[in-house]
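Visitor: I would like to learn how to read a protein model feature by feature. Could you take me through it slowly, giving the general idea before each case?

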Amino acid sequence: MKKSLLVIDDDADILRVLTANLELYGYEAIAAASWAKAKEVLDDRLPDLIILDLMLPDGDGLDICRQLNARYPKIPVIMLTAKDRVSDKVIGLESGAQDYIVKPFETLELIARVKACLRRSAAMDDTTTIGDITIDRRARTVRVRGNETDLTPKEYDLLSFFIANRGEVITRDTIRKTVWKSAKLYSWSRVIDVHIQHLRHKIEMNPAEPAYILTVPGVGYRFRQ
């Protein structure tokens, strides 16, 4: 199912280009040229993500972002603005925006930020299912092909980190810093590879030909999307 994105911007040209590019990358883009129009859309349906211009004719973007965050806390917001001062970015993030992008910007940059926000939003849900793997973060349990799988605490943390960043290539050094949180585990250590090997044996149908935890030669690993 396509992810739906609500784009709120009073510039007709930007709105047209944004929606066209988002649809080109497989998203359903809903356009709103004002806060009033956006509220009509939100009353009818809830999008998966909102792209919000800071300057609107009928409302201040920061105040609107606070309202969105209060009423729809699970919908991530990307702030879109011409301002590029650090203070503006901080204020935007403190108002509840998950990310902040400055005009003009490249389409690929926006798409990358949209994907990252959607991944973080999905990671916040209590339960995530990918293929035949279901992870329940509240209970810290994992089910594979319908059966609960016994993971060690570190294996669970490793799988949870992979799922939260699925589709991205992750280096061993990033895994070391994020999952192990230790400077003592050197990046060349086999510890990470051994844990991944054990995890594959517990979640993969065929560990020798993994379908979920994929090796990226010379770099690290990538979890399937």
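Guide: Let us begin with the naming of elements: helices (H or I, at least four residues) and strands (E, at least two) are DSSP runs, numbered from the N terminus. The model is predicted, so local features need pLDDT of at least 70 and side-chain atom pairs count only at pLDDT 80 or more, while totals for chains, interfaces and linings use all residues. Residues are numbered from 1 along each chain as its sequence is written, and side-chain values use heavy atoms, with hydrogens and water left out.

Visitor: In which helix do R176 and D173 lie?

Guide: R176 and D173 both lie in helix α7, three residues apart, which is about one turn of the helix. Side chains of opposite charge can pair when their charged atoms come close. The term salt bridge is used for a side-chain nitrogen of Lys or Arg within 4 Å of a carboxyl oxygen of Asp or Glu. R176 and D173 meet in such a salt bridge, with 2.5 Å from N to O.

Visitor: Is R176 buried or exposed?

Guide: The rule is that buried means under 20% relative accessible area, exposed over 50%, and partly exposed in between (1.4 Å probe, protein chains only). R176 has 11% relative accessibility and counts as buried, whereas D173, at 25%, counts as partly exposed.

Visitor: Which residues are buried in helix α7?

Guide: In α7, which covers residues 172-180, the buried ones are I175, R176, V179 and W180. Seen down the axis of α7, these buried residues fall within an arc of 105°, so they line one face of the helix; the arc is that of the directions from the helix axis to the C-beta atoms. The buried residues of α7 pack against α6, β12 (169-171), α8 (191-203) and β14, where contact means heavy atoms within 4.5 Å.

Visitor: How many salt bridges does the count come to?

Guide: By this rule the count comes to 15 salt bridges. One of them joins E28 and R45, whose closest N and O atoms are 2.8 Å apart. That pair links distant parts of the chain, 17 residues apart, with E28 in strand β2 (residues 28-32) and R45 in the loop between α2 (35-44) and β3 (49-53). E28 is partly exposed at a relative accessible area of 29%, and R45 is partly exposed at 31%.

Visitor: With which residue does R113 form a salt bridge?

Guide: R113 forms a salt bridge with D99, and the closest N and O atoms are 2.8 Å apart. R113 lies in helix α5 (residues 107-124) and D99 in strand β7 (residues 99-102), so the pair ties together parts that are 14 residues apart in sequence. R113 is partly exposed, with a relative accessible area of 24%, while D99 is buried, with 15%. Elsewhere, D9, D53 and K103 are linked in a network of salt bridges.

Visitor: How many aromatic pairs does a search of the whole structure find?

Guide: A pair of aromatic rings is described by the distance of the centres and the angle of the planes. Rings of Phe, Tyr and Trp (its six-membered ring) pair if their centres lie within 6.5 Å, and planes under 30 degrees apart count as stacked, over 60 as edge-to-face and the rest as tilted. The search finds three aromatic pairs. F162 and Y221 form an edge-to-face pair, 6.4 Å centre to centre with 75° between the planes. F162 lies in helix α6 (residues 153-164) and Y221 in strand β14 (residues 220-223), so the pair ties together parts that are 59 residues apart in sequence. Both F162 and Y221 are buried, and ring pairs link F162, Y212, Y221 and F223 into a cluster.

Visitor: How do strands β8 and β9 run, and how many bridges join them?

Guide: Two strands pair if DSSP finds at least two bridges between them. Strand β8 (residues 127-130) runs antiparallel to β9, and four bridges join them. In this pairing I130 stands opposite I133 in β9. The two strands form a hairpin with two residues between them, and G131 in the turn has a positive phi of about 60°.
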